[in-house]
Each structure stands twice: as structure tokens, then as C-alpha cells.
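Keep the viewer open as you read.

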Amino acid sequence: MPQNLNHSTADIGEQQERNLRVFYTLSAVFFLFLILIFRLFWLQVVKYEDYFRRSEENRIRKTIVTAERGYIYDKNGQILVRNRPSYNISILPYQVDNRDSVYNRLMRVLDTNGQNVFDPALLEWAFERGKYQRFRPLRILEDATDMQVAFIEERSELFPGVVSYVESRRDYPYGTMASHALGYTGEISEQQLKDSVYIEQGYALGDRLGQKGLEKEYEHYFRGHDGVKYVEVNAYGREIGLVEEMQYEDAVAGHNIHTTLDWNLQKVAEDAVPDTVKGAVVVLNPQNGEILAMLSSPRINPNIFSLNKKALKKSWAEVALDSARPLNNRAIQGTYPPGSIFKFITAAAGLESEVIDSYTRFPKPCTGGFYFGRRYQRCWLGAGHGYTNVVSALRESCNVFFYQCGLELGMDKINDLARKYGLGRRLGVDLPGEKQGLLMDSVTYNKRFERYGWKWSRGQILNLAIGQGELVTPLQIASFFGAMAYGKGLYRPHLVKEVRSSDGELIKMYPITKISEAKLRAENQDIILHSMEEVVSGVRGTGRRAQIRGVKVGAKTGSAENPQGDKTHAWFAAVAPLESPTISVAVLLENTGSGAATAGPIAAKILQAYFSEKNDKTGTNP
Amino acid sequence: MKKILQKVREPRRFDFLMLGIVLLLMGIGIAMVYSATANTELPWYQTFWFKQITYFAFGWLIAFGILLTKPHFWHEFAYPAYIISLIGLVLILFVGATESHGAVRWISFGFIKIQPSEFAKIGYLLALSRYFSVKKVSLERLSSFVVPIILFIVPFLLVLKQPDLSTALVFFSITLMAFYWSGLTFAEMFLLLSPGLSVIAVLSKLAWGGLMTAVTVALWRRKLPIWLSVLILTLNIAGGFASYTVWNSLEGHQRSRIMTFIDPMQDPRGAGYQVIQSQLAIGSGGVHGKGFGEGSQTNLSFLPEEHTDFIFSVLGEQFGFLGGFVLLGLFFLLLVRTYGIAQIHSNLFVVNVCVGGSTILLFHIFVNIAMTLGIMPVTGLPLPFLSYGGSFVVTCMILVGFFMLMRVKGDDI
């Protein structure tokens, strides 16, 4: 090499050494490669026959055993959600020796009405696809009946490569009952498949998972752990049996969720609210936040999500395009002005900040309305309530009293108290999609209505003090009203009490948590409780329909003005027994007029059922 | 013909032969990835094979980018590169993304995931090459081992912690080859390694006895100072005893990998299952293979990770012994070309980079293929230019860039 001509002898010695090292190194590399070649030769040439036979014969297939999804129970152990077996019929293209004959035979399978069992389009799709995906089972009939499965299985020699698989699907035995709280499962969506959160948890195309409600919130508990088994398949691709010497991993069934729901109360509530009325009912125990019943109307039937694709598509279109928006859980996602129920917040704020006491009468009596500057703001009772104190103003729901109370207080004090009772913020209920609602003050008002060019003025307080302008969910109303009557704090509303494994072992217990110290001074608490009672038992009370023999019930009606200009939304909140409340009910019905007439009877029915059930229990245990 | 050969051998010439081999390997790789992942419903631009093509294109950009630099730059950049790669490995302790088996090997930057241990291989290679460009090692002067061992042990332990035993061993292989090229003989390397071998051999009394005999013979013939001979013997015995405790402290999945190497049927679901199915796929390929796209074993999804770690099984099943032979031949030719750069240039930095880089490739090739053939434990090491995966493609193409650069400009330092 020309470059090396001028090099000294030392360089040449060094060059030789490097040459030698390269030689030795490559010899070692060659030796390593020789090992690989020999091994390759051993496997592929010497032992070829053996391995080839085993690969042909050894029809061991690794199959995933899907874990059974956990159940949902009510507080008394009644099953609310369970699973049912579902059969799929598929073709395994690589085992279909003669496409045309199998296709024709399948097309000749008719049901009792003389209709084709197999959809020709789907069959064609599967056989076409099978040319490229020869080793993957392609579904040709979903959710097949036992008869259909038996028909195919008994004639396996006529249908080589046509196999059936069993899978488990969700079953909601009570159909639409509490459907929004329970939620539903569905096949993983394309969007979720792109989400790394789902990928990391090992979800794949075709998996079913909780998409709404408790099913979604507690998905990680329901899901369980898929198992693996090795099965031997015969020449037609059917499973002959487990391969003994290969270990298998059992599927671990998902955990069961024990809810706080009281199915009897839920049923009473469901019966009381017809599906034609839009609305929501929340029943909870204010002492610990346990939700006893939750309903949103119109309902959906979660069973449609377990149907085969064709049926699902049809039902889904009906549900998704319905203008009544049945997919919304109005109990936690519907936000409405609280109406007169909010007067309890204004009253409590007034009492706590000592703007009013039980004797306070504002200078202007109710004459059926109130002049604020030159604006005349009406009270709902045209005849007027005259002079009122806080108790009678709450009892008769006088607007004029609270106009003046609000003006003296200012929104900050009112909102501070409202927040303590859980309004304007998420309560942390264990359901996805909870709305936080809205409390209004000058800042939020100006921000919210900036694009309309509206500016805050003190006149807004008039409306806000009587609950027109804030937004709350039915869940917030039930929580706030219950907490105010209970007087010992606001507890996180929740649906799940505990999680148990399929063997009944306790996995997780959800402790009750206090969200805030929602307390009033003792004398104010008495005034509030007295007012709540007066609404129900007072001669001129607006909530007299909630009376129940032998139980001290507190309540408040409300009518939320509807920006769409239709009839007002009807509110009714009730709590009992007032000495130590264990049940708080909020009923909201959209566009049905005043709260007392429509929502009140529903709350009354629920209270009636609750206390008769309780009396039955104590009655049998003398 | 002779003229062409002379031209190829000549330094300062761009190595078209190596370019051709790498391109050929990449082509085979894409075909195999395509075949292994054909069962997909993804649109073509999301498929593995297409992503692999984009990785390769990106890799070539890097390789030719390196060709535009000067070897001197890498000489200067060696220690900073080492430090940067260590920072990457440390960073993983804090912001790493957990993957299966509880290992933490990746750092996620939103849309892109980086595997710092891949780039640490390059950083370590450069640093060690620079150090040995002026220093030698000798058994008589144990102090000569201090700096290289420190350079080695830091990334080694950090990678081991992830835990990624097989990648950690890549660092070990670089170090070993560097020792050989920096003055040690085979016998000396054997003595140096013997305590480590004791650790493994102690599991069988016969093997350990044989090893100790060999060590004694080597010591006697090498005539090392007495104290050093005693030290090596003591370390051998201590290593043997320590072995039991080390064995007990191994991670569950590491131990199971070693155990299933000894007896794959012990874990037919996990590592053993992969080995069995891989051998079945390869063995059933025969001399000619089953033909492209006709691998029933791979297509039935008997093989897990068939587009990454077990890509050689896919090739073995579809193209048989001939296919495997040709692939090994290509790899061998590639290594001849890359180790051969050490003959062309005398600058030790250039020599060390090429020898070390070639060793990285060699280690991956041998360990990966031996694993699919069932003669090495199941490790997560990919096969250069064939296995799917972005980070490793980049590592390999950086090495290819070094080979091209050093061959052409190795004198210019």
C-alpha cells in the first residue's frame, strides 16, 4: 500500500500486530458464527422431519381466556348487573379447504322463518378477508342462539373451518333501572385505542370495557385478569382439549362492586317518574353520603350495548339522535337554576353573618313585588305576603324578603356559604362526568356575559338571592339540603361501599369522607330546621304534599326559570326525619311547572316507601 | 476483478461493499417485519414495516451526517458524549416510563420515546476508545485498570438497575474487546475473567473443578507475581461462594430466564414457550423454508415479539437453512469489513472505535440468533438491521456512520 511506504520499521511491526489482532478477532467471530451455523444445521437439516411433523401436528393454540367481569350488587346483595354467555360463529380461513362449498352450505342454513341465518354480505366479507388473513378467526355470526351453535357443531365435517367461540356479555336484568348510574360496557373505540392510557393497561382491538357510569369508573376492578390456555385443535380447527403438559394460567374474574343503592327505593322512584318526562331523582343519606337511589329520565337500556352489531347500530342511532338526550345522566350532569330552594342558602348566610335574626322584618313588605330603583321585581304570589320573618318567608317562599336580604348581604357571603354546602363545585361522586354547576358573582358574571356586553349591576343580586341565575345539579341539591338539615358537615356522595373479589374477599372499602364542615350556629340551625318543617306542616306551607304520618319531614319547593321560555323546571327537596336525617331527596322535572304540584308527590312517595320499609324492619324485630 | 478488490481495500475510498450489505440486511429486515405483522388492520402508514422504513431513512440521515464530520471531532466529543449519556441514564431513574416486567428503560417526550441505554452504548464506546488511544492495560500494573473499570461500571450499574441485564452485558463485551486490543493476551483475559466464570461454574462441581485446573495451569505458565496469582485464586474461590447469595438476590424474571435456559419446559408459558416455539418455527423451515408469507408458526401467532426479538425465527421458518446461512454470511462479511478498518489505520482512537463498534454489532447478532436457536437465554437484545424498533436502528446507524467516517478519514486526525 502506497501510504505505508515511508513508514518506519516500528510502524511496520505495529501494523503487523494490528493485522494479527484483526486476524485473531475475526477467527473468534468465525468460531461464534460456526456455532450458529451448526445449530441451524442441526435444527433445520438434521432434525427437520421431526420439527416439521411437530409443527404440522402440534396444533397447540395459545388462546386467551377472557376474565369474567365483576358483578354489581345493591346494598342488600341483590344482583344489579351480571354476565350472560354469548356464542360467536367464525371461520378459520386456513382450515377452509373449499371456499365455495363451505360458502354454499352456510348459505343453505335457514332459520324457522326461512330466512338466511348467515348474512351473505358478512360471509362474503369474511371469505374475501380470509384470503389475506388466513390464520385469524373471522366472525360471521354474532350472539348466535344455542340451536344455531349446535347445528354447526354437530356437522363439523360439513363445515370445516367453521368454529364457535363462547364469550361473556354484560346483562342488566332490570333493563333501564338506574341505567345512568350503572352505565354500560362497549367495545373499545378507535379513539381509546390511540390513547396510551388504554394501551399501557393492555387493551386491544375488540376488547369490551366500561364506557359510562359505574362500569367506567370502576373498570379496573371489574376487568379481572385474562388467562392463557393451550388447547389442541383438530384438523377442522376445533378445540379438542387442553394440552396437559403445557401449564395454563386461569383467568381471574373481576371484582364485584357492592353499591349503596337501595333497589326498593330505586324501584319506587322509577315507577314515579314516567319515561316521557325529562328529569332526575337523587336520594341519599346525608349522614354519610351514601346514594340510595339515582335516576335520570329518559332512560336508556344498557342491554342494547350487549347486542350484536347490527341491532346495536339501530338502537344506538335512536338513543344518540334523541333530542331528549337520554345518554345524559341528569342527576350529575344536568345543571339547572336551583330556584327557591336556594333561599335556604340566602337565609342561612343572612343568619350566620347576623344580617338577620329570627325576628328581622325588612322595611318593605311584600306587596306582590318590590321596587328596586325603577325596576319592579315580582314575587310569585301576586297578592303579596305582607311583612314576613325568615321562617314565614321560607315557608311561603316569599321573594321580596330575600331580595332585601340578598341586597344587604352581597353575593360574596351568600356564595361562601353555598360553597360550604357543595354548590358550585364537584362533590367527587364516583361517577364519570360530574358537573360542578355555577355560582354567580360580579366577576364570573362579567366574564360569562362579556360577549353579550352585559355588565354586572347590584340588581342581579335580586335574582341570584332567590336562586335564579346559579346552576346546580340534582345531586348537589340533595347533598346540600341534607347537609343543612343534618348540621354536622357535608359528606362526599358516593355509590360504592366496597369492592369484593369473586370469592367474597374484601378488596377495598370506601370510607365515608367529609367534604366540608357545613355547620351553622346552634340557634341558626334551629331556625333553619324549624323553617324546613314549617314548609311541610305549616298551614300555608308550599311543601305540604311531603307530609308523612309520624315522621318530621322538612322540604322546600323550587321553580327554576327556563331560559327557553317554556314552563319552569320543577324542584322539590325533602329531608327526614328532621331530628336526625337519614334520607334526603331531590327531584327535578324539566318543564312541568311548579315544584309543589309535580315534583312534590314523587318525593313523598319515596319518603313513604323509605319509612314504611324501615318500620317493617323494626316491626319484625320486637 | 482483482482491480475492483484492490479499489475496495484501498483506504480513503467510500466502502460501497459495506453500504450494500447494510442495505441488503435492511431490505431483509423490512420484508421480515412485514411478514411477521401482516395480520393487521392498521392503515399502511401505521404499520410496523412502514415505520421501520422511516426509522431506516432517519438512520441513514444520521450516518451520512456523521460522514460529513471529522474523526477529530468525535475524539474531542468523546468524554462529553459519555457524560451526556450518563445523564440520560440517571434521568431515567426519575422520569422513566414503566414497561412490562416492571422495568424502566424509556424516557417519553410526548410523541417520541427514547431509550437512553442505546445512546449510552455510543457514549461509552467513544470514551473508552479515547482513553485507550493513549493508555494500555497490563496485569502487572493493576492500576492501569482503574480508570477503564470506573468508565465501565457506572453505565453498567445504571443499566443493570433498570433492570436490563442483556444491555448491561453489551457494555461488558465492549470492555472485554477493548482490553484485548489494548494489550492483554487471551490467556490474561481468561485469568481476568476466571472469578466471574467461577460464579457460574460453581453450580456444577465438575465444571468448577475443571475451571480451577485451567486457572492454575494458566497462572503457572504466565508466571505472574505470587501475590497476583494468590489474589486471582482467592477471587475465584470467593466468587464461587458469593454465587449462591447472588443467585438468591436476582430478580424473579432474570432468574426464570436463566432457569428456562437450562430447562425451557420449566416455563412453557413465558420465556420457555418462546424458545420452544422459536425452535419449532426454525426447525420446521427445513433447507428451503416454507416460502415468503407462508410461515404457519409465525402466522398463528405462536411466536410472541416476532417482529422484534424473534425476527430471526420468522426468517428461519420462511427461508430455511439457506436463508439463515445467507444472513449469517452477510453479517460475517459486514464484521470482516468493520473489524478490517483496524488494519487500514494506525490511529488508536480510530481503531478502538471501529473494533468496539463492531463488537457491539457482534454481541447483538450472536446473542440474539443464539437465543432464537435455543442455545442462549432469552434476552431482550434485538438483531441489528432486522429487528423492529427506532432507538436501536439509530444506534446501529450511528455505528455505520462511524465505520464509513473512520474508513475514509481515519488518517486525518
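Axes are lines fitted to C-alpha atoms, for helices over the stretch in contact, and angles run from 0 to 180 degrees between N-to-C directions. Helices (H or I, at least four residues) and strands (E, at least two) are DSSP runs, numbered from the N terminus. This is a predicted model, in which local features need pLDDT of at least 70 and side-chain atom pairs count only at pLDDT 80 or more, while totals for chains, interfaces and linings use all residues. Residues are numbered from 1 along each chain as its sequence is written, and chains are lettered from A and ligands numbered from 1 in the order in which they are written.

**Chain B and its helix pairs**

Chain B has 16 helices and 3 strands. A residue is called buried if 20 or more other C-beta atoms lie within 10 Å of its own, exposed if 12 or fewer, and partly exposed in between, with C-beta atoms placed from the backbone. By that count, 46% of the 413 residues of chain B are buried. Two residues are in contact if their C-beta atoms, placed from the backbone, lie within 7 Å. Among the contacts in chain B between residues at least 6 apart in sequence, 69% join residues at least 24 apart.

Now to the helix pairs. The axes of helix α14 (residues 311-344) of chain B and α16(B) come within 10 Å, crossing at roughly 25°. That angle makes α14(B) roughly parallel to α16(B); angles under 35 degrees count as roughly parallel, over 145 as roughly antiparallel, 65 to 115 as roughly perpendicular and the rest as oblique. α14(B) passes α16(B) in a left-handed crossing, a term for the near helix being turned anticlockwise from the far one by less than a right angle (right-handed if clockwise). On the α14(B) side the contact is made by B:T338, B:I341 and B:I344, and on the α16(B) side by B:F403, B:M406 and B:R407. The residues of this contact of α14(B) with α16(B) divide into 4 nonpolar, 1 polar and 1 charged. Here Ala, Val, Leu, Ile, Met, Phe, Trp, Tyr, Cys and Pro count as nonpolar, Asp, Glu, Lys and Arg as charged, and the others, Gly among them, as polar.

Another pair is α4 (residues 71-95) and α6 (residues 146-161) of chain B, whose axes come within 10 Å and cross at roughly 25°. α4(B) is therefore roughly parallel to α6(B), and their crossing is left-handed. B:S85, B:L86, B:L89 and B:V90 in α4(B) meet B:V154, B:P155, B:L158 and B:V159 in α6(B). The residues of the contact of α4(B) with α6(B) are 7 nonpolar, 1 polar and no charged.

**Strands in chain A**

Which strands build the open sheet of chain A, and in what order? The 5 strands run β12-β11-β21-β20-β19, with antiparallel pairing; two strands pair if DSSP finds at least two bridges between them. At the edges are β12 (291-297) and β19 (554-560) of chain A, each pairing on one side only. Neighbouring strands of this sheet are turned by 5° against each other on average, direction ignored. Helix α21 (residues 522-537) of chain A packs on the sheet, touching β19 and β20 (569-576), and its direction makes about 75° with that of β19(A). Strand β11 (residues 279-284) of chain A pairs with β12(A) over 6 bridges, and A:L284 stands opposite A:I291 in β12(A).

Elsewhere in chain A, 4 bridges join β6 (residues 184-187) to β7(A) in an antiparallel run, with A:E187 opposite A:R208. Because 4 of the 5 residues of strand β7 (residues 208-212) of chain A are buried, this strand is largely enclosed by the rest of the structure.

**Loops worth a look**

Most residues other than glycine have a negative phi, and most peptide bonds are trans.

| Residue | Phi |
|---|---|
| A:S397, not a glycine | about 60° |
| B:F385, not a glycine | about 70° |

A:S397 lies in the loop between α15 (390-396) and α16 (399-409) of chain A, and is buried, with 29 other C-beta atoms within 10 Å. B:F385 lies in the loop between α15 (348-372) and α16 (390-409) of chain B.

The peptide bond from A:S297 to A:P298 is cis, with omega near 0°. A cis bond also joins A:A576 and A:P577, with omega about -20°.
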